[in-house]
Amino acid sequence: MPPRIWIPGASTASTTNRHLTARTRRREALSLYREILRTAKHFHWADEKTGQPWNKRLKDQARKEFEEARKETDPLIIARLLVTGVDCVQQVQNRFNDATQAAWKRIAKDSERR
């Protein structure tokens, strides 16, 4: 099936615009927020400047940004914010996983030397 293209003001806008409903946007935003909180749990070390744990700083910053974006009503801006947020979380998770795997490889390599 070919992709549908949404054209503002077109007669089929009501059928193709279903993915931009407020309920769906809310569900996606909550899902992204939960994923950020789950990811932030893995940051156990503290900030060198303030001494505050990184997981707390990340949670507070996520809450602040979501509260600021709560007032946004333009569906395209909301979609852009969601896509950007998901992409950022995935990049952080990938980097964190890569670093964890590299650390385990170093541990295994050091264990073989002994």
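Predicted model: local features only at pLDDT ≥ 70, side-chain atom pairs only at ≥ 80, totals over all residues.
Is Phe43 buried or exposed? Phe43 is buried, with a relative accessible area of 14% (buried means under 20%, exposed over 50%, partly exposed in between, with a 1.4 Å probe and protein chains only).

Residues are numbered from 1 along each chain as its sequence is written, and side-chain values use heavy atoms, without hydrogens and water.

**View 1. Phe43 meets Phe96.** The whole structure holds four aromatic pairs (ring centres of Phe, Tyr or Trp, the latter by its six-membered ring, within 6.5 Å; planes under 30 degrees apart are stacked, over 60 edge-to-face, the rest tilted). In this one, the centres lie 5.2 Å apart and the planes stand at 50 degrees, so the pair is tilted. Phe43 belongs to the loop between H2 and H3 and Phe96 to helix H4, so the pair ties together parts 53 residues apart in sequence (helices are DSSP runs of H or I, at least four residues, numbered from the N terminus). Phe96 is partly exposed, at 23% relative accessible area.

**View 2. Arg57 over Trp54.** Here the charged end of Arg57 sits over the ring of Trp54, 4.8 Å from its centre (the cut-offs are NZ of Lys or CZ of Arg within 6 Å of the ring centre and within 35 degrees of the ring normal).

**View 3. Confidence by element.** The protein averages 85.

Technical notes
pLDDT = per-residue confidence, 0-100. Helix = DSSP H or I, 4+ residues; strand = E, 2+ residues; numbered from the N terminus.
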